[in-house]
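Colleague: Hi! I'm new to this one, could you walk me through it?
Modeller: Happy to, let me put it up.

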Amino acid sequence: MDASVDASVDKSVQWGSIPGLVRAAAQRFADTEAVVDGRTRISYGELGVRVERAAAACVANGVRAGDRVGIWAPNSLEWMVAALGAVSAGAVLVPLNTRFKGAEAAYVLRRSGARLLFVTGTFLGTSYVASLRRAAGEGPGAGPGTGVGRGPLAGLPALEQVVVLSDDAPADFRTWKDFLASGDGVEAALVRARADAVRGDWPSDIVYTSGTTGRPKGAVITHAQTLTAYRIWADLAGLRHGDRYLIVNPFFHTFGYKAGVIACLMRGATMIPQSVFNVDAVLANVAAERVSVLPGPPTLHQSLLDHASRDTYDLSALRLVVTGAAVVPLRLVERLRGELGVRTVLTAYGLSEASGIVTMCRRGDEPQVIASTSGRAIPGTEVKVVDEAGAELPAGTPGEVLVRGFNVMRGYYEDDAATAEVRTADGWLRTGDVGVLDAAGNLRITDRMKDMFIVGGFNAYPAEIEQLLGLHPDVADVAVIGVPDPRLGEVGKAYVVRRPGATATADDLIAWSRREMANYKVPRVVVFVAELPRNASGKVVKGELRGR
């Protein structure tokens, strides 16, 4: 199997670009069910028509090749159509985390210079439109804007238009229906020509990920990188035509958009988007839709297995699970295979800066390998472990994980200095993760040099959380670490030095954090200390905090 996958890397990607893939899928799988979203069911042929209509609307509204288009919405058919339509018009997609607060979303939109934004209406009880208005210096309780924009939000001067993915929108925004109708006068030949002009070496998306500086940085990935990486992913996983794929992983992440939507387009699998993780909804969907493919973090599958009413659902169609993002217990692999009869359980490792995939297990690997490692380097890439001086270390010795190959990003968007910090002159990407390679080349991640921790499948970055907590008027100094949690895997624990005379309690800071940052970033524990332990250079010694 690996030999055929290796051969596919050497060939030019047959679709050329993501627009080429969409068109090919619409032709090859025209009558195959493409998407099931609630009561809506459409074929691949119908999906192709919808995407072309969205692309026409983008063209009609002035979207040019290379323009950045943001999307801030949960998993849905509309997300797929809007995103693929923008990319088919030559735009570069900028997906935004649905857990972001308004200020976090506004920062990414401002940093990327997005000209168009697709946004959900109300999701999980939050009005994203109102949140964005406040963050952009408008609306009740908002401060002054940061500039005069041509569009509806003064604080985001580059953003010319906001489209709400619903039937209702404020007067200065547009509804999804109205936006689509605006492109009806654009000739089909022009839309097709725009899609045909997209080249494989053009950027397809910019995925913003926070680093040790606490500021999100945008990893630029091309069409060819995306297509090659997820063709390999589909090959290694064994995704096939006729599979029914429940996509619970969020579309704003490569695990949802690329290992989900893009991979399904390649194989003609049916996509069933789920907007939030809810174990009852997952069980109901798997049973009702005869779901055969269910990737996700280990917590998803653990919740499924432990559900009190699991036996009342028919889960017999499940055949493929791909997981990662945390250590996978051997018992979980055994239970998926033994109790649910899942024939293929695989683990993988990746990061946004490497197109979301670096290593992956192979079908046929022993359960112990799947549970204790993230598999081997995917074809077309190299992985090594080095010491602090950059010298390669032998198998069994922990060090920093480096990757080189077609999957390494072009760089951080408009940030050459940050790019130089993580990419060496000879093309190696410094992941910042500590790992160990075994004699067979299987990688085991043992620690995170960047101090990142994973909360229920979401990457949380201490520097970013510390920066936000530092805005609280009672906080003089703060350090955040990840600590084990039985339900979420890890959660944040904040060590806080109060300002003189401050009286804020732990509950006060946690409640404040819930208002100011995405839920997965909110520290679950706050400990007040007189001072933080620091080394001679003034850096906080987090090892000492973990030791406490």
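**A chat about the model**

Modeller: Ala-395 is exposed, with a relative accessible area of 53%; the cut-offs are under 20% for buried, over 50% for exposed and partly exposed in between, using a 1.4 Å probe and protein chains only.

Colleague: Before we go on, what sort of model is this?
Modeller: This is a predicted model, where local features need pLDDT of at least 70, side-chain atom pairs count only at pLDDT 80 or more, and totals for chains, interfaces and linings use all residues. Residues are numbered from 1 along each chain as its sequence is written, and side-chain values use heavy atoms, with hydrogens and water left out.

Colleague: Thanks! So where does Ala-395 lie?
Modeller: Ala-395 lies in the loop between β18 (381–386) and β19 (399–405). Those element names come from DSSP runs, numbered from the N terminus: helices are H or I with at least four residues, and strands are E with at least two.

Colleague: And what does Ala-395 touch?
Modeller: Not counting residues up to four places away in sequence, Ala-395 touches Leu-437, Asp-438 and Ala-439. Contact here is heavy atoms within 4.5 Å.

Colleague: How far apart are Ala-395 and Ala-284?
Modeller: They are 45 Å apart in space, C-alpha to C-alpha, and 111 residues apart in sequence.

Colleague: What about β1 and β2, how many bridges join them?
Modeller: 4 bridges join β1 (residues 33–37) to β2 (residues 40–43), and the two strands run antiparallel. They form a hairpin with 2 residues between them, and Gly-38 in the turn has a positive phi of about 65 degrees. Val-35 stands opposite Ile-42 in β2.

Colleague: Which strands make up the open sheet, and in what order?
Modeller: The order is β14-β15-β16-β17, a sheet of 4 strands with mixed pairing. β14 (320–324) and β17 (376–377) are the edge strands, each pairing on one side only. β14 pairs with β15 (residues 344–349) in the parallel sense over 5 bridges, and Gly-324 stands opposite Ala-348 in β15.

Colleague: Switching to helices, which residues of α5 are buried?
Modeller: In α5 (residues 102–112) they are Gly-102, Glu-104, Ala-105, Ala-106, Val-108, Leu-109 and Ser-112. Just after α5, Gly-113 takes a positive phi of about 70 degrees.

Colleague: And what covers the buried residues of α6?
Modeller: The cover includes α5, together with β3 (68–72), β5 (116–119), β6 (122–123), β7 (126–127) and β8 (161–164). The residues buried in α6 (residues 128–135) are Tyr-128, Val-129, Ser-131, Leu-132 and Arg-133.

Colleague: You've brought up positive phi for glycines. Which residue other than glycine has a positive phi near 55 degrees?
Modeller: That is Leu-124, with phi near 55 degrees. Leu-124 is in the loop between β6 and β7, and this residue is exposed, with a relative accessible area of 58%. Glu-414 also has a positive phi, near 50 degrees, and is placed in the loop between β20 (411–412) and α15 (416–422). At 57% relative accessibility, Glu-414 counts as exposed. For background, most residues other than glycine have a negative phi.

Colleague: Is Thr-222 buried or exposed?
Modeller: Thr-222 counts as buried, at 6% relative accessibility. This residue lies in β11 (residues 216–222). Leaving aside neighbours within four places in sequence, Thr-222 is in contact with Gly-200, Asp-201, Trp-202, Pro-203, Ser-204 and Arg-410.

Colleague: How many disulfides does the structure hold?
Modeller: It holds 0 disulfides, a disulfide being a pair of cysteine sulfur atoms within 2.5 Å. Cys-58 is buried, with a relative accessible area of 0%, and Cys-264 is buried with a relative accessible area of 0%.

How values were computed. Pairing = 2+ DSSP bridges.
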